[in-house]
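Subject: Structure for you to look at

Hello,

Here is the structure I promised to pass on. Please open it beside this email, and read the notes below with the residues in view.

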Amino acid sequence: MYFQALNVTGLWAEAKKAGGYHFDSHSGVNENSGWITLGSVEVKVAHGRTQGGTLYLNFYVKHLRKAGFPVGGLLGEDDHQDATTQPAGCEELVALSPAFQRTSTSARSVATANLA
């Protein structure tokens, strides 16, 4: 799973840029937003591409603890048990032959948060 579109909206984003910030993985692979200060937190979005050519976005947030509000969702305090629970019917497969070992080192999307 990769982030391919990201919208940063709300009062803090609107105060810096009308309509907030909108990022799309197809708008530029080497494009980097740099750190954007929104209220008391900072966000950054960086574009990337896997070895297979899939375009994606990395999303970074600093100083969430300083936000002054509970933070939910993917980067926050919400319970992630649903996302980490293996669905019924999902199988784990083991390859006993070295010929079937996965050797891909493609990049992954990253979303990080710093509560400091």
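A residue is called buried when its relative accessible area is under 20%, exposed when it is over 50%, and partly exposed in between. Keep in mind that this is a predicted model.

Start with strand E2, residues 21–24, where the side chains alternate. Tyr21 and Phe23 point to one face and are buried.

Next, the aromatic rings. The structure holds two aromatic pairs. One of them is formed by tyrosine 2 and tyrosine 56, with 5.7 Å from centre to centre and 35 degrees between the planes, a tilted arrangement. This pair links distant parts of the chain, since its members are 54 residues apart. Tyrosine 2 sits in the segment before strand E1 (5–8), and tyrosine 56 is in strand E5 (residues 55–62).

Is each of these two tyrosines buried or partly exposed? Tyrosine 56 has a relative accessible area of 6%, so it is buried. Tyrosine 2, at 31% relative accessibility, counts as partly exposed.

Finally, two lysines lie over ring faces. Lysine 62 lies over the face of tryptophan 35, at 4.2 Å from the ring centre. Lysine 44 lies over the face of tyrosine 60, at 5.6 Å from the ring centre.

Regards

Key: Residues are numbered from 1 along each chain as its sequence is written. This is a predicted model: local features need pLDDT of at least 70, side-chain atom pairs count only at pLDDT 80 or more; totals for chains, interfaces and linings use all residues. Side-chain values use heavy atoms; hydrogens and water are left out. Rings of Phe, Tyr and Trp (its six-membered ring) pair if their centres lie within 6.5 Å; planes under 30 degrees apart count as stacked, over 60 as edge-to-face and the rest as tilted. Helices (H or I, at least four residues) and strands (E, at least two) are DSSP runs, numbered from the N terminus. Buried means under 20% relative accessible area, exposed over 50%, partly exposed in between (1.4 Å probe, protein chains only). A charge sits over a ring if NZ of Lys or CZ of Arg is within 6 Å of the ring centre and within 35 degrees of the ring normal.
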